[in-house]
Amino acid sequence: MLSAFERIMFLLLVAICLVATANTFTMMARVIGRGRGALYLDELPRRVMTGIAALFTQGRIIRHRKLTSLFHYGVAFGFIFYGLVNIIDVVEGLIPGFTFFEGNIIGHLFRLAADLFAAAVLIGVIYFLLRRFAAQDPALKTRDNVKLMDRVREGGIAIDSLIVGMFILTHVGSRLMGASFAIAQHGPDPWQPVANFIASTFLSGLPPEALTFGWHLFWWLAVGLILIFMPYFPYTKHAHLFMGPLNFMTSPERTYLGQMKKLDLDDETIEQFGANVLDDLPKKHILDAYACIMCNRCQEVCPAYTTGKELSPAALEINKRYYIRENMPALASGATGGISLIDFAISESAVWACTACGHCIEICPVGNVPMLDIMEIRRDQVMMQSEFPEQLKGAFIGMERMGNPWQAQQSRMEWTAPLPFEVPTVEENPDYEYLLWVGCAGAFNPDAQKTVRAVATILHEADVSFAILGDDETCTGDSARRAGNEPLFQAMAEANIETLNAAKANERRIVTSCPHCFTTIGKEYGEMGGHYTIFHHTQLISDLIGRGKLRLNGKTLEKVTFHDPCYLGRHNGIIADPRTALAAAGVELLEMPRHGKDSFCCGAGGAQYWKEEEHGVTGEKVNANRYREAQATGAAVLAVGCPFCSTMMSDANREHGDKMQVRDVAELVVEAMGAPVATN
Ligand code: SF4
Ligand code: SF4
């Protein structure tokens, strides 16, 4: 029990800390408020449930770094429970005679949980400190060629981690010691085994005055420390405890993992498109900086970072975070200006190294979207600064003038020539069931043409009524959008929507062999008024097999490994269908370690296909990294489901002496169909 003097002092401390906490949290809210748009709070009950789910699942961290995640669960759940413990401790300390359900099962279970969680938190935090400071886990470091603010490079994260670690150790350790002193004073408690052990081992025999002093000392350390730390929360990575769930709660709905939102190009009041300075980012992206735990999980899976480039999505978030941290009062008070993100958060080369693979979004345990920051910066670079890699000009001009980034001028129908049957256009078969969206690759790239022929053959053999747009089809604008050229994307989208609607594709189904076209038409045109039911060809094949419409010969093909395209598996969650198709084709599937949602990019996405790959310190190309992994499975065939992956893997295969065959799933299915069909 606290003395009257202690109670007065404590109330004073509570008042001071609450005012200081309100001040720093208000600053944090004001900084987030500088961003564009709004935090999403519609359907609030559902959003609150999303936040609570994120809190208790810890952003599903257990999918990766399993041991570290287990320790993190212990620390996180323990710390959450300690919120209740702190409140009850304060009330017990302040109100003479108050005890929390003493003598009944609720009180017993509460003390047991507090005792065990304290142990879990202490063990977990010691693990994290040892991992960072003793083992110096390389996963927590960032390579020198990546832009990092001086403060971070000079050990800012280590200091932050040390402060947070010591705070938790002292806070929770003191609470446990306080309970131990109480047991030493009042007798053993079977519901507090850890505190019992400490009391009986280290405290027995101490005089009553020492036990009373010990209890008071540790009560003040435990409760006083949390109060003093509260205003400091917005400055530390510990803010992720509540900013992470808040981030999940206030995120926009996305039609697919990395959905980019439409820019209103007609709004004449908008002077800045894309993000030049911090304020140009959406509010949610500023919140990301506060939520970031600096775990480097995103960096670890980033294909650009993995191959030595200047890009680390983690560094981008960390730089934003430290920029805010160092300028928080000024930013909160509305100071205008600010330096360009390119000058402190990310280098120009890093901006153009992103493949838009979405892995940084998928893996982030606090719901951050570094990829979308990069897309916003690219929009500024292209639309406001006219600064972008020279090679992209060719693709832009091709899309603008010829309707395709290849700058091809021939007919989009030439791929049909080798087929032993006619491929009808929508004019020739207006009652089609499926519109086969060929895509620019399918129309002009010889490898992709083989795939589209295979898809057409499957449709033909399965008696599916289909048609194509022929020369009326133009590029979807996917690369233009990912390269930051939103006006060009919107122009392409508007033209395609008009064509698709005139062909009544909005009343039918669309099938395509390109995951980028699949995503753009099916998941992005909606914002532009085009609503379509679209399938990737592996989905349709899987469906046709399921309905017995495709007869496969069941002969076992060679060993095959499947490379999940980022815009199929990760961005759209289509993992099973290609595998169903491959299984039906009789292949023995050998999975690469990075598959499904964890697939490693081929290196072509995010408009990389149209430019030179940025230089990295290792000199390794993204496709070479992936190809090595495919080869290590021992498979003879590298199956793909995207024309860009096909080219990238074929290039790597050629450079490695054609050790594998690179073939689309559709081609393997055609081979297993028995009917003699021409795909070449
Ligand atoms: S989208 Fe992919 S390439 Fe771009 S930053 Fe994220 S992980 Fe790296
Ligand atoms: S952005 Fe997410 S995954 Fe990347 S370092 Fe921050 S918390 Fe970790």
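1. Ligand 2 has a shell of 9 nonpolar, 2 polar and 2 charged residues. In this classing, Ala, Val, Leu, Ile, Met, Phe, Trp, Tyr, Cys and Pro are nonpolar, Asp, Glu, Lys and Arg are charged, and the others, Gly among them, are polar. Cys292, Cys295, Asn296, Cys298 and Cys364 come nearest of the 13 residues around the ligand; a residue is near a molecule or strand if one of its heavy atoms lies within 4 Å of it. Helices α10 (297-301) and α12 (313-326) each supply at least two residues of this shell.

2. The model is predicted: local features need pLDDT of at least 70 and side-chain atom pairs pLDDT 80 or more, while totals for chains, interfaces and linings use all residues. Residues are numbered from 1 along each chain as its sequence is written, chains are lettered from A and ligands numbered from 1 in the order in which they are written, and side-chain values use heavy atoms, with hydrogens and water left out.

3. The shell around ligand 1 has 10 nonpolar residues, 2 polar and no charged. Among its residues are Cys302, Cys354, Cys357 and Cys360, and the list also includes Pro303, Pro313, Met371 and Ile374.

4. On the chain as a whole: it holds 29 helices and 8 strands, taken as DSSP runs numbered from the N terminus (helices H or I, at least four residues; strands E, at least two). The C-alpha trace spans about 100 × 60 × 45 Å along its principal axes. Of the 680 residues, 59% are buried (under 20% relative accessible area, with exposed over 50% and partly exposed in between; 1.4 Å probe, protein chains only).

5. The largest pocket has a volume of about 870 Å³. Glu92, Glu102, Ala182, His186 and Trp215 are the closest to its centre among the 32 lining residues. Two or more lining residues come from each of α3, α4, α5 and α7 (208-229), and α5 gives the largest share, 8 residues. By class the lining divides into 15 nonpolar, 11 polar and 6 charged residues. On a 1 Å grid over the protein atoms alone, a pocket is an open set of points with protein on both sides within 12 Å along at least five of seven lines, a cavity is a set where a 1.4 Å probe fits but cannot get out, and lining residues have an atom within 4 Å of a point. Points are joined across faces, edges and corners, and a volume is the space filled by probe spheres set on them.

6. There are 10 cavities of 30 Å³ or more. The largest cavity holds about 660 Å³ of space and is lined by 34 residues, with His72, Phe128, Lys237, His240 and Ile293 nearest its centre. Its lining has 20 nonpolar, 9 polar and 5 charged residues.

7. Four strands form an open parallel sheet in the order β2-β1-β3-β4; strands pair if DSSP finds at least two bridges between them. The edges are β2 (466-467) and β4, each with a single partner strand, so one side of each has no neighbour in the sheet. Strand β3 (residues 509-512) pairs over 4 bridges with β4, and β1 (residues 434-437) pairs over 4 bridges with β3. Val511 is the bridge partner of Leu436 and stands opposite Phe535 in β4.
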